[in-house]
Amino acid sequence: MADREDAAGDAAADADAAADTDAGPAAANAEVRELPESTVERIAAGEVVTRPSRVVAELVENSLDAGATRVDVAVDGDGTDRIRVADDGRGMSRADAALAVEPHTTSKLRDAADLESVGTLGFRGEALASVADAADLTVTTNDGGDVGTEVTVADGEVSVSDAGRARGTTVTVTDLFADRPARRESLASPAREFARISSLVAEYAVLRPGVAFSLTHDGTETVSTPGTGVTDALLAVYDRETASQSTAFEHRADVDFAGRTGALRVDGALAYPSTTRSTREHVHVAVNGRPVRNEALRAAVAQGYGSLLPSGREPVAALRLDVPAWAVDPNVHPAKTRVALRAADAVADAVESGVRDALTTADLRRSGEVAMDLDSSLAPVDGVDSDFADAAVIGQFRDLYLLCEADGDLLVVDQHAAHERVNYERLRESLADEAVPSASLDPAETVSLDPGAAAAAEAYRDELGRLGFDVEPFGGTTYRVTAVPAPLGRVADADALRDVLAALRDDAGTVGDDAGGRGGDAGVRDALLADLACHPSLKAGDALDDEAATKLLRRLGECEQPYACPHGRPTVLSVDEATLAAGFERDSARR
Ligand code: ADP
Ligand code: MG
C-alpha cells in the first residue's frame, strides 16, 4: 500500500516528522521494551521499508523523537548503496540499543491505550528491525556515558561492541534490498529516488525549523538549514525571494470537534503570492508535528490565498497545525503520512481563515506590491479633498448599489465600478511610468496562441517585457511564459497574455489616438492595469456596512476621475430632487 501511494509521485508523502513538543513523555526516559502482542495487532500493519526515502523518513523521525537539534543525512547514489543519519539526540544505552533493532521494540509506547495520546512520531517499534531485515545496519550511539555502543546487524547476526562517539546516534544503512531483486526493480531512476529524499528532507526542514538539517549526496552538501526559524529554513530550501517575501503567522481558534470543543493553533510561513508553483506540493502541512499529506488541508491553505493567486497557480507555504491529541488518529497508514482528523471540515475552515487573515494583515507592499485588501484600498489619501466629503450613505441596494445623499441630490454608486476606479488609480500611481513588476513562473507555463497572436508576440516582445511578461517561442505557435505582471497583491494569469496581445494589436490599428503621449503601449498598459484592478475589487453581492460604504465613497471622491471606472463605465448616477418631483407629478420640490 505505502509503496503504491509513494509511487503516485508525491514526494512529500514520505515525510514523517517531529512533534512540536520535542519528545513525548515515554521517550523522555528511553527504555526500549517489547510491545505486547495485543498492541502489535492494533497497529496499522504494512511494509515499513519500501524504498530508500522511507528509510530516511524513519531514521529522521527517530532522531527528532530523540530530541535532536541537528540531523545530518548523507546518501550515496539512489540510497540503496548507503544512507546515514546522524543526530545529536539523547542516544541510547547499550541495552536499549541492542534491543531496539529487534521487531516491535520501542521506548515510545507501552500498550494500546497509549495509542490515544502518542506524542512521538514513531510508536510501532518496527523501523529499525525492518531496516535491518532489508539491509545491513549499524547503529552507533552514546547516551552521555564515557564509552558509546556500536550495534551491527548483518545477515541477521547482531553484534555489540564499544564505540567512540559523542552523545547522539548515527545509523548507517548499506546495501538496501541487496537480496530483494523485485524491490530493487521497482525503484525509479537514481535521480528520482534521490529527489524523493531531497523533498522529504526539505519538508522536515520547513516544518521543523528549530532543528538544523543537512543533506549530502555523494559527498556534496545539497541543503543545509540553520535551525533558526522558518524564514531561514525557507531561504535554504527555496530561495531568497521566497523567504524575504513571506509572512510568518499564528492563528488560534476554538473548534467544535464533533461535539467536543478544543483549541486549534496554526503557525508557519506563507510566501507572498508573487511566488507560486504549478502544483500544491509546496504547501507543507504538519499536524501535531507530523508532516502529512492531506489534500483537504492543502486546499484550505490555497482557499485562504483566494483571489491573490492567479488561476491554476498554487502557493508556497509551511503550516504547523496543533490540535488536541484526541482529535487526531495517526495510526491509519503504515507510512504515518496520513492522519484521521475529527471534524476535518471545521479544521479546514479554521486554517483557511487563519491564512486569509494573515495575508490581509501582511504588509504586501514590502514585496513591492500594493495591498489590495479592502481596508488598505480605502485608506484616505493625505492632502486630497474628496468630491464626496459631505455625502452621507443611506444604505446599500441589492448588495451592489450604494444609495447616498449629497448636496440635496440622491447619488447611486456602483460599488464595483467605484472600487475598481480606486484600485486602478492606486495601481497606476504606484507604478508611475516604471515597467510593470513581474513575478517569475516556476515552472514556466506554455500557452498556445492563434497565428495572429503569435505574430503579435514576436512583434511586441519589448512591449510585453515592459508590461511584465517574459515570453519565449516554444515551437510553432506555442510560447513559454516565464514571467507575468504582478503589480498587486495579485499576479496575472499566463492567460492574460492573450488579452494583452489582442489589445496590442487593436492599439496598433489606432496609432495616433490620444494615448496620453506616454508612448505607443500606454493604452495597452492602462488596459492591463484596469484588468488587474478589476479582480480584487468589490463585486455585486459583497455586503458593505455603512462605515465601509462611507469610506469607499470618500475615497472615490479623491480619485482623479471619480465618475468613471477604468473601462469607461459610470461609477455614480446623480438623481436630483427635481427629477423625483417630476416623477411624482409634484409641481415643486417640497411642500
Ligand atoms: P519506534 O520509533 O516506533 O519506537 P524504531 O524501530 O524506529 O521504533 O526504534 C526503536 C527504538 O529505538 C525507539 O523507540 C528508540 O527508543 C530507539 N531509537 C531509535 N533511533 C534512535 C535515535 N536516533 N536516538 C535515540 N534512540 C533511538
Ligand atoms: Mg521509529
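This note sets out numbered points on the predicted model shown above.

1. Basis of the model. The structure is a predicted model, in which local features need pLDDT of at least 70 and side-chain atom pairs count only at pLDDT 80 or more, while totals for chains, interfaces and linings use all residues. Residues are numbered from 1 along each chain as its sequence is written, chains are lettered from A and ligands numbered from 1 in the order in which they are written, and side-chain values use heavy atoms, with hydrogens and water left out.

2. The chain as a whole. The chain holds 20 helices and 24 strands; helices (H or I, at least four residues) and strands (E, at least two) are DSSP runs, numbered from the N terminus. Of its 591 residues, 51% are buried. Here buried means under 20% relative accessible area, exposed means over 50%, and partly exposed lies in between, with a 1.4 Å probe and protein chains only. The accessible surface of the chain is about 25200 Å², and carbon and sulfur atoms hold 47% of it. Such areas come from the Shrake-Rupley method with a 1.4 Å probe; for residues, only the protein chains shown count as cover.

3. Contacts along the sequence. A contact means heavy atoms within 4.5 Å. Among the contacts in the chain with a separation of 6 or more, 73% join residues 24 or more positions apart.

4. The shell around ligand 1. Ligand 1 is surrounded by 20 residues, and the closest are Asn62, Thr106, Ser107, Lys108 and Gly125. A residue is near a molecule or strand if one of its heavy atoms lies within 4 Å of it. The shell is made up of seven nonpolar, nine polar and four charged residues. In this division Ala, Val, Leu, Ile, Met, Phe, Trp, Tyr, Cys and Pro count as nonpolar, Asp, Glu, Lys and Arg as charged, and the others, Gly among them, as polar.

5. Polar contacts of ligand 1. A polar contact is a pair of N or O atoms within 3.5 Å; within protein, one must be able to donate a hydrogen and the other to accept it, and residues adjacent in sequence count only if both atoms are side-chain atoms. Aspartate 87 places a polar side-chain atom 2.9 Å from a nitrogen atom of ligand 1, and threonine 169 places a polar side-chain atom 3.3 Å from a nitrogen atom of the ligand. Glycine 125 contributes a polar backbone atom, which is 2.7 Å from an oxygen atom of ligand 1. Taken alone, the ligand exposes 530 Å², and the protein buries 97% of that. Helix 4 (52-65), strand 4 (105-106) and helix 6 (127-134) are the elements that give two or more residues to the shell.

6. Two residues in these elements. Threonine 105 lies in strand 4 and is buried, at 6% relative accessibility. A polar atom of its side chain is 2.9 Å from the backbone oxygen of leucine 99. Leaving aside residues up to four places away in sequence, threonine 105 touches Val32, Arg33, Glu34, Leu99, Ala100 and Gly125. Alanine 57 belongs to helix 4 and counts as buried, at 0% relative accessibility.

7. Cysteines. A disulfide is a pair of cysteine sulfur atoms within 2.5 Å, and by this rule the count is zero. Cysteine 404 is buried, with a relative accessible area of 0%, and cysteine 559 is buried as well, at 7%.

8. Positive phi values. Most residues other than glycine have a negative phi. Asparagine 288, however, has a positive phi near 45 degrees. This asparagine sits in the loop between strand 13 (283-287) and strand 14 (290-292) and is partly exposed, at 22%. Glutamate 585 also has a positive phi, near 55 degrees. It is placed in the segment after helix 20 (577-583) and is exposed, with a relative accessible area of 73%.

9. Tyrosine 272, in the loop between strand 12 (260-271) and strand 13, is buried at 1% relative accessible area. Tyrosine 272 and glutamine 245 are 27 residues apart in sequence, and their C-alpha atoms are 5.6 Å apart. Phenylalanine 249, in strand 11 (residues 246-257), is buried at 9%. Residues up to four places away in sequence aside, those that phenylalanine 249 touches include Val266, Leu270, Leu319 and Val355.
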